[in-house]
Amino acid sequence: MAVDIQPACLGLYCGKTLLFKNGSTEIYGECGVCPRGQRTNAQKYCQPCTESPELYDWLYLGFMAMLPLVLHWFFIEWYSGKKSSSALFQHITALFECTMAAVITLLVSEPVGVLYIRSCRVLMLSDWYTMLYNPSPDYVTTVHCTHEAVYPLYTIVFIYYAFCLVLMMLLRPLLVKKIACGLGKSDRFKSIYAALYFFPILTVLQAVGGGLLYYAFPYIILVLSLVTLAVYMSASEIENCYDLLVRKKRLVVLFSHWLLHAYGIISISRVDKLEQDLPLLALVPTPALFYLFTAKFTEPSRILSEGANGH
């Protein structure tokens with residue numbers, strides 16, 4: 001194969017784009033930014049992203065997809081009130097919105113029209129922040145080689161959030177107006193207003209900390225799920241198994257946290273060795289069991305009552 005010889009590219013993410021290919025002859029352009037959907041290889045040539053995402057990549061995308069759904073559910077529960085019958089319908093609607101947004105996002109991503117994506121493999125943390133690695137050969141002129149080296153893991157999250165926001169604005173106000181009769185007019189749309197705040201926050205979080213989240217999300221899931229489970233059980237004054245079983249809602253919350261525990265454990269282990277990693281899932285009920293066994297020593301109900309009385 002004949003390849004034209006040009007000076008080597010400077011910078012970590014600068015590459016040469018293929019201009020012409022005829023049989024065994026390949027002609028590449030000057031060193032610069034790679035087109036969208038490509039990244040540089042070891043020889044500094046821009047190569048298309050043709051690999052399938054690894055399991056860990058899908059788990060990361062699943063985590064980023066769960067964030068708005070969990071926040072939707074939290075604010076719906078927070079503003080609906082304990083006696084509101086509209087909360088369940090809003091929960092289902094939020095799930096439908098996020099599910100449809102995920103499906104549409106996959107369908108509009110390359111390859112268009114199918115529920116899978118092509119990606120470039122993440123090699124290191126700097127792959128997420130190529131804008132920080134633009135070379136300056138003469139310390140005056142900067143060669144701009146910023147591109148999505150982790151295509152499409154960075155931009156696909158923004159697309160998903162945009163579809164979530166659009167679907168929420170199309171569906172939720174109509175639903176809330178019809179079924180949230182038990183709430184005051186000022187309270188009906190507060191969960192929607194909350195989403196208008198947290199979506200920009202999630203967008204900035206992905207833009208600035210996407211690479212950090214990619215490596216840290218399994219531990220974030222485990223820590224937050226453990227803390228929120230402990231806070232919920234103490235706030236609900238659950239001190240034994242009977243208190244846990246007396247209401248179906250408490251079981252739903254418990255099983256939801258168990259799913260998050262399992263998600264975090266699978267993300268950390270990456271299930272590289274199935275026979276060794278699957279037994280780790282037996283640890284999922286451990287935090288809840290530990291809480292129930294030790295609740296009698298801490299007496300959460302007494303602590304809550306003393307806090308309410310100002311002692």
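## Basis of the model

Because the model is predicted, local features need pLDDT of at least 70 and side-chain atom pairs count only at pLDDT 80 or more, while totals for chains, interfaces and linings use all residues. Residues are numbered from 1 along each chain as its sequence is written, and side-chain values use heavy atoms, with hydrogens and water left out.

## Disulfide count and pattern

How many disulfides does the rule give? The count is four. A disulfide here is a pair of cysteine sulfur atoms within 2.5 Å. Counting bonded cysteines along the chain, the pattern reads 1-3, 2-8, 4-5, 6-7.

## Cys9 and Cys31

The sulfur atoms of Cys9 and Cys31 sit 2.1 Å apart and form a disulfide. The link of Cys9 and Cys31 is right-handed, with 135° about the S-S bond. Cys9 is in the loop between β1 (2-3) and β2 (15-22), and Cys31 is in strand β3 (residues 25-32), so the bond ties together parts 22 residues apart in sequence. Strands are DSSP runs of E with at least two residues, helices are runs of H or I with at least four, and both are numbered from the N terminus.

Cys9 counts as buried at 10% relative accessibility. Cys31 counts as partly exposed at 29%. Buried means under 20% relative accessible area, exposed means over 50%, and partly exposed lies in between (1.4 Å probe, protein chains only).

## Cys14 and Cys145

Which parts of the chain does the pair of Cys14 and Cys145 link? The two sulfur atoms are 1.8 Å apart, forming a disulfide. The torsion about the S-S bond is about 95°, so this disulfide is right-handed. The pair links distant parts of the chain, 131 residues apart: Cys14 is in the loop between β1 and β2, and Cys145 is in the loop between α2 (86-108) and α3 (155-179).

Cys14 is buried at 0% relative accessibility. Cys145 is also buried, with a relative accessible area of 0%.

## Cys34 and Cys46

Cys34 and Cys46 form a disulfide with sulfur atoms 2.0 Å apart. Its torsion is about -80°, so the bond is left-handed. Cys34 lies in the loop between β3 and β4 (38-40), and Cys46 lies in strand β5 (residues 46-48), so the bond ties parts 12 residues apart in sequence. Both Cys34 and Cys46 are buried.

## Other cysteines

Cys164 is in no disulfide. Its nearest cysteine sulfur belongs to Cys98, 4.2 Å away. Cys164 is buried, with a relative accessible area of 2%. Cys241 counts as partly exposed at 48% relative accessibility.

## Transmembrane annotation

An unreviewed UniProt entry lists "transmembrane region" for residues 58-76, 88-108, 151-171, 192-213, 219-238, 250-266 and 278-295. UniProt positions are given in the numbering used here, feature names are shortened, and annotations may be inferred rather than shown by experiment.

Residues 219-238 are 85% helix and 0% strand, with end C-alpha atoms 26 Å apart. Residues 250-266 are 100% helix and 0% strand, with end C-alpha atoms 24 Å apart.

## Helix α9

Helix α9 (residues 286-298) has 13 residues. From first C-alpha to last, α9 reaches 18 Å, close to the 18 Å expected at 1.5 Å a residue. The expected span is 1.5 Å times one less than the number of residues.

Where does α9 bend? The bend is at Leu292, by about 35°. A bend is the angle between axes fitted to the seven residues ending at a residue and the seven starting there. Leu292 is buried in α9, as are Ala288, Tyr291 and Ala295.
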